[in-house]
Amino acid sequence: IAAGDIAAIRNEQKAQQRKNNTYQLRYKLKDRNNKLISVIESGYCMLKKENYFILNSIIIDISPLQKINEYFLTSLFYDDLTGIYNNETFYKKARILITENNDTVFEIMCVDVERFKIINEIFGKEAGNQLLRQIGRCLGNCLIKPLVYGRLYADKFALCYPSSKENRQQVMASLNKVAAEFKHNYKVILSFGVYVISDKSIHISAMCDKANLALKKVKGHYLVACGEYDESMHQRLLDEQSFINGMNEALKNREFLFYLQPKYELAGGKIIG
């Protein structure tokens, strides 16, 4: 038994035996290679005399089970590729963060890599994965406190932190540095969208949707560093969806008018197309 644990194990063993003559212990044991393994010992007292007692027990090595358990727990809460929180864990941790700091105004930032599929096509999938891992490590080294971050899916990341211009600029500067160091002959462009949380009652995934909507509005507009959500964006989205919803009915009712723009040749004075 690992040094320093013996007395505590024996005391626990005796305490359990006093209740019902059986016991179950969990501790570290050294194997024949002097390596620590986790075991469970279960047993009962067969014979108890004044100066000695005889125990019948079974000791089971649970180290393989622990490794399997750790793997499943990791898969449950963390993203396999980057090692940071997956989307469900991010939602839960962000909710806890906001709830425990009720007097603080937080914001959700969504980040994605523009034309990420092109990166995979040009440099290979592993190069793209490496970029995602570097972004994950960068978020882990961020000095903003408190902070929760995770990978939502594909090349989409999300952060939750106290809302301020300084915090926002710090995140963007750190991530843009990672993007700039990717490949000397390829410019990686990151897009940023932010939702300053005004309604704490909505689900964190809905907050991410708002930040993502702000991101989409500035994507491709490289003079705008970061898009910030406002309610007019949501209204435009509703208006667009309402228009789309009415299209099928309008087609049935022949409400669309089709116009052709003629091409006019000035020199010949005639329509040529």
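**Helix packing and backbone details**

Author: In this predicted model, H4 and H5 are oblique to each other. Their contact is made by Phe116, Ile119, Asn120 and Phe123 of H4, together with Lys125, Ala127, Gly128, Leu131 and Leu132 of H5.

Reader: At what angle do H4 and H5 pack?

Author: The axes of H4 and H5 lie 6 Å apart. Angles over 145 degrees would count as roughly antiparallel and those from 65 to 115 as roughly perpendicular, and the pair is classed as oblique. The angle at which H4 and H5 pack is about 130°.

Reader: How do the residues of the contact of H4 with H5 divide into nonpolar, polar and charged?

Author: The H4 side of the contact includes Phe116 and Asn120, and the H5 side includes Lys125 and Leu131. Taken by class, the residues of this contact divide into six nonpolar, two polar and one charged.

Reader: Which residues of H1 are buried, and where do they fall around the helix?

Author: H1 has 15 residues and reaches 22 Å from its first C-alpha to its last, close to the 21 Å expected at 1.5 Å a residue. Its buried residues fall within an arc of 65° seen down the axis, so they line one face of the helix, while Ala7, Ala8, Arg18 and Lys19 are exposed on the other side. The buried residues pack against strands E1, E2 and E3. They are Ile9, Gln13 and Gln17.

Reader: With which residues is Gln17 in contact, leaving aside its neighbours within four places in sequence?

Author: Gln17 is in helix H1, and it counts as buried because its relative accessibility is 7%, where buried means under 20%. Once the neighbours within four places in sequence are left aside, the residues in contact with Gln17 are Thr22, Tyr23, Cys45 and Leu55.

Reader: Is Arg254, which has a positive phi, buried or exposed?

Author: Arg254 lies in the loop between helix H9 and strand E9, and its phi is about 55° although it is not a glycine. Arg115, in the loop between strand E4 and helix H4, also has a positive phi, near 55°, and is partly exposed at a relative accessible area of 44%. For Arg254 the relative accessible area is 73%, so this residue is exposed.

How values were computed:
Residues numbered from 1 in each chain as written. Predicted model: local features only at pLDDT ≥ 70, side-chain atom pairs only at ≥ 80, totals over all residues. Heavy atoms only, no water. Helix = DSSP H or I, 4+ residues; strand = E, 2+ residues; numbered from the N terminus. Buried < 20%, exposed > 50% of the residue type's maximum accessible area, 1.4 Å probe, protein only. Contact = heavy atoms within 4.5 Å. Axes fitted to C-alpha atoms, helices over the stretch in contact; angles between N-to-C directions. Parallel < 35°, antiparallel > 145°, perpendicular 65-115°, else oblique. Nonpolar A, V, L, I, M, F, W, Y, C, P; charged D, E, K, R; others polar. Expected span 1.5 Å × (residues − 1). Arc of directions from axis to C-beta.
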